[in-house]
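Here is a short briefing to read alongside the model. Please keep the sequence and the 3D view open as you go.

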Amino acid sequence: MSTVYDLIVIGGGPGGYLAAERGAHAGLKTLLFEKRSLGGVCLNEGCIPSKALLNSAKHYEHALHANKYGVSCDNVAIDQKAVVTRKAKVVRTLVAGVKAKMRGAGVTVVMEEATITGKDGANFAVSAAGTTYLGKNLIIATGSSAAVPPIPGVKELLGDYVLTNREVLDLQEIPKNFTVIGGGVIGLEMAAYYAAVGSKVTVIEMLDHIAGATDLEISSMLQKELEAKGVTFLLSTAVKSVEMGKVNAEKANGEKISVAADKVLLSIGRRSNCMGIGLENIGVEIDRGVPTDTQGRTNVPGVYAIGDVNGHHMLAHTAYREAEVAINTILGKPDNMRYHANPSVIYTQPEIGSVGKTEEECKAKGIEYEVAKLPMVYSGRFVAENEGADGLCKVIVDKKKRNVLGVHLIGAYSGEIIWGAAEMIEMQLRVNDARQIIFPHPTVSEIIRETLWEFKD
Ligand code: NAI
């Protein structure tokens, strides 16, 4: 008779591996399936490798402008092959770390593609490489894939020329013309990298602004910063076709344009990997993702969906928390996702950190709010470390209750300090409560405290 696991997790990305680890630590007999590489998209072809590349660009930019800081650097150059080799080493190290964690936690890892085949009594049956495994609970954490639109040429040229988040991280040469379809998070981070290392970068974006739902004032500051570094933005422009050497697009006013391209990055969003895993065999509802409640439960008792596959936020840190909530729910411990205090970061140079409501969202929802803003140069550390740089901190509070609704930052360290603002929202702190927090000095984080003092009592 085959072993019955307490928990079977399908997908070894941030959501899946953390769920497996937490489950095993709590005493659940846990099995984890992964078909490619532990760490999933985030670790292998997303968050982490892109940060390795962006950090090389940061060092390169610092060296190029070192004279601003009294340091001279001659013959500054970027070696793309070395950058990519280091990126691969970072990924290898972290994948090995995840493997070790799984071993340490006592998780059984099967490196195969798994398919849910049905039920065997009260248990779920999952098959992989000809073997059937049984589990009392199932966590689906199969992630997402780059969306491929039916634009002529895109599908046909996908791979070497039209790149997704996967291939763009492995280019051995810096393309002369790097053209990005979609000015969202992936598009902007890669545009920032390739512009920094010398490509002529054009970002084609359908909307009239970049960075999706980011606060508009902040995203337009980022746009200006990237333009100053040579990135061209074609806004309100939709791509119509792609061919070798160029991308053809049309502006909202009907004007047709062609943009030269040696490499094209397709970054128009991601789709939940909810098909082809056998969810239909156990009656799990599928929409654009796998719908869940705030405890990660699907419509089938005992089956949970966490991370990108459920389509809620498509962020690795959201997946981490969803993993913990799902495990606690399996264990019968009360826990719940609270998505309103979910920070997001864009790791461009300068970086953006934001959490909670934007002004645009408040207006759209008819929320009466007050806003206070301060330039980053009010932070001593920011000035000491960022010669001639600009940046902004914007805090949004509810007009009547005066609790913090949103914090939006652009400038160095924004991504590292935004979690503190998330905590303010999570704890429903009012302006006067948040002002009482002691921030370390000198840090850029103090800009949040300073901005809070900009509100009138
Ligand atoms: P996205 O949803 O962030 O942005 C896609 C952009 O493409 C949108 O602005 C959309 O208007 C535009 N677009 C769509 N069709 C178009 C067309 N035909 N022509 C021109 N523009 C078009 O998607 P992206 O950048 O692919 O990112 C995918 C996911 O990965 C997101 O959910 C994001 O949260 C996550 N991610 C997060 C990162 C972070 O937190 N730093 C880094 C990278 C990805």
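Predicted model: local features only at pLDDT ≥ 70, side-chain atom pairs only at ≥ 80, totals over all residues.

Residues are numbered from 1 along each chain as its sequence is written, and side-chain values use heavy atoms, with hydrogens and water left out.

**α1 with α4**
- The axes of α1 and α4 are 9 Å apart, and the helices pack at an angle of about 20°; axes are lines fitted to C-alpha atoms, for helices over the stretch in contact, with angles from 0 to 180 degrees between N-to-C directions.
- α1 and α4 are therefore roughly parallel to each other (under 35 degrees; over 145 is roughly antiparallel, 65 to 115 roughly perpendicular, the rest oblique).
- Helices here are DSSP runs (H or I, at least four residues), numbered from the N terminus.
- Tyr17, Ala20, Glu21, Ala24 and His25 of α1 meet Val98, Lys101, Met102 and Ala105 of α4, where contact means heavy atoms within 4.5 Å.
- The residues of this contact divide into six nonpolar, one polar and two charged (Ala, Val, Leu, Ile, Met, Phe, Trp, Tyr, Cys and Pro count as nonpolar, Asp, Glu, Lys and Arg as charged, and the others, Gly among them, as polar).

**α1 with α7**
- Helix α1 (residues 14–25) and helix α7 (residues 316–330) cross at roughly 30°, and their axes come within 8 Å.
- α1 and α7 are therefore roughly parallel to each other, and their crossing is right-handed.
- On the α1 side, Tyr17 is one of the residues in contact, and the α7 side includes Tyr320 and Glu324.

**α3 with α4**
- Helix α3 (residues 47–64) and helix α4 (residues 80–105) have axes that come within 9 Å and cross at roughly 140°.
- That angle makes α3 oblique to α4.
- The crossing of α3 and α4 is right-handed.

**The ligand site**
- Of the 22 residues around the ligand, Ile186, Glu189, Glu205, Gly269 and Val345 come nearest (a residue is near if one of its heavy atoms lies within 4 Å).
- Glu189 also places a polar side-chain atom 3.0 Å from a nitrogen atom of the ligand, a polar contact being a pair of N or O atoms within 3.5 Å.
- A backbone N or O atom of Met206 lies 3.2 Å from a ligand nitrogen atom.
- A polar backbone atom of Val185 is 3.2 Å from an oxygen atom of the ligand.

Definitions and conventions:
Helix = DSSP H or I, 4+ residues; strand = E, 2+ residues; numbered from the N terminus. Left-handed = near helix turned anticlockwise from the far one by under 90°. Polar contact = N/O pair within 3.5 Å; in protein donor to acceptor, adjacent residues only side chain to side chain.
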